[in-house]
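Please open the model in a viewer and keep the selection panel at hand. The stops below proceed one selection at a time.

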Amino acid sequence: MRKDILISEAEMAAARAAAGRVKEEIAPLGLTYHIESYGCQMNDHDSEKLAGMLEEMGCTKAADKADAQVILFNTCCVREHAEQRVYGNIGALKKRKDENPGLLIGVCGCMMQQKAAGDKLFRRFPFVDMVFGTNELHRFPNIFESALHEERILAVRDIDGEIAEGLPVLRSGTFSTNVTIAYGCDNFCSYCIVPYVRGRERSRDSGAIVEEVRSVAAAGFKEVTLLGQNVNSYSGDDGVTDFPTLLRVVHDSVPDMNRIRFMTSHPKDLSPALMDAIAELPRVCKHIHLPVQSGSNRILRLMNRRYTRENYMDEVAELRRKVPDIELTTDIIVGFPGETEEDFQDTLDLIKQVGYSAAFTFMYSPRKGTAAASMAEQVPDEVKHDRLQRLNALQAEILKEGNLKYIGRTGEVLVEGCDRRAEPMAYGKLSNFKMVYFPGGEELIGSLRTVEITANQNNSLIGRLID
Ligand code: SAH
Ligand code: SF4
Ligand code: F3S
């Protein structure tokens, strides 16, 4: 393990000691908590660690947010909209705090890691008790202890980022879960705030990753997603130095993990070795999330994505040659500074050519401190709205058409849930990430079942159980 990026044992021990003291102190109170998580899977997973630490300190999850005595907001700042939602929801707690001064409110996550964000938040919401950054997660017991003693606490460190191993995790899913393989990002796409709030890219050792996957498999999880902002640049320090190798090691070391997914893959680092691993490893899902962001070379250059449309299309062709049944999903930004109608047409043309099974589409949102925020030629909001609508309409059509080829095929679904309608419909994803609905009850949840696809309805697949 690379000692230089691990949080020191002394600091981890101090947090554990604080957790022990808090547990003793609050045991008679029986405090309940609620965590509101915004943003990506990274944040969701951090929230699972916060929940793990809270439980370790003797708190229990509140049945309802309205009854919780501890409320944490784990924030995201990737787009302005995400920030506005957080502000609205924190503001709504003022009255409750006035009536119940014992209520403890904390705000953490990416938004708080921005420059001076904590001070600003305290000024705007003086009733908040704790503010802490993404690098402070492991110290939550220390922070919580201070807040319990009515100290207002602001803990944000301006460092490149470290790794905390061994934190307790309370997983929210029951059959599908996430394991982080790398933290941070070094890509500095010109629109993106993530490298500023999550620090430098750092990979966990493969041994720790395999151990965690093994433990979640033992706990009954059937699907794991290996997480990183850019999994393709994974580089552990214990002999497993690239992502395709890690994927093989995880696959072969944990034979009872039924499904292995990973995200996100940056197109500039997608190697032939990774394509081979997806093709050859039976329990690695036949799906790749490969954000293209734009179909215009001019815009890709301005975005600092470091690939061209042609490189990207070649990769897609090669992937499909090696893994014929693979499905692709993507992220797209419309209205990046300087994007013309012609650039946008290039994006529309690209999504037609690729045929994604899902596209997560966003209007460009200027983020303070990023290169793109100060570019000239910001695109007016109404143009962004219009492009987003046209993009989504085209993607819906592409999806409808693409789904037709599935009719008559069979595949294995990991059942996630059940819609209670007149006839209960179970639903879940195929290995390739496509959602299928089929007649079936709640007893199927969590099982892997074979279905035959019978129809395409409202852009999702309909099937029937055949096993
Ligand atoms: N690491 C991943 C995803 C990071 S954030 C990747 O590289 O793809 C998820 C998505 O949010 C990005 O893919 C991008 O499409 C979008 N996004 C990031 N910054 C944005 C911004 N300033 N405005 C609009 N969308 C943005
Ligand atoms: Fe942001 Fe680019 Fe890093 Fe993804 S790869 S997190 S879009 S900087
Ligand atoms: Fe994720 Fe949002 Fe942070 S997308 S990494 S929670 S800024």
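Begin with the open sheet of three strands, ordered S7-S10-S11 and paired in parallel; strands (E, at least two residues) and helices (H or I, at least four) are DSSP runs numbered from the N terminus, and two strands pair if DSSP finds at least two bridges between them. The model is predicted: local features need pLDDT of at least 70 and side-chain atom pairs pLDDT 80 or more, whereas totals for chains, interfaces and linings use all residues. Residues are numbered from 1 along each chain as its sequence is written, chains are lettered from A and ligands numbered from 1 in the order in which they are written, and side-chain values use heavy atoms, without hydrogens and water.

Select strand S7 (176-180) and strand S11 (259-263): these stand at the edges, each with a single partner strand, so one side of each has no neighbour in the sheet. On average, neighbouring strands of this sheet are turned by 25° against each other, direction ignored. Axes here are lines fitted to C-alpha atoms, for helices over the stretch in contact, and angles between N-to-C directions run from 0 to 180 degrees.

Next, select strand S10 (residues 223-227), which runs parallel to S11 and is joined to S11 by five bridges. Leu226 stands opposite Phe262 in S11.

Then display helix H2 (residues 41-56) with helix H6 (residues 140-148), whose axes come within 10 Å and cross at roughly 60°. H2 is therefore oblique to H6, the term for angles that are not under 35 degrees (roughly parallel), over 145 (roughly antiparallel) or 65 to 115 (roughly perpendicular). Show the side chains of Leu50, Met53 and Leu54 of H2 and of Phe140, Pro141 and Phe144 of H6, which make the contact.

Which residues surround ligand 3? Gly39, Cys40, Asn43, Cys76, Cys77, Val78, Cys110, Arg198 and Gln229 do so, each with a heavy atom within 4 Å.

Finally, select ligand 2, surrounded by Cys185, Asn187, Phe188, Cys189, Tyr191, Cys192, Val194, Pro195, Gln229, His266 and Arg305.

Technical notes
Contact = heavy atoms within 4.5 Å.
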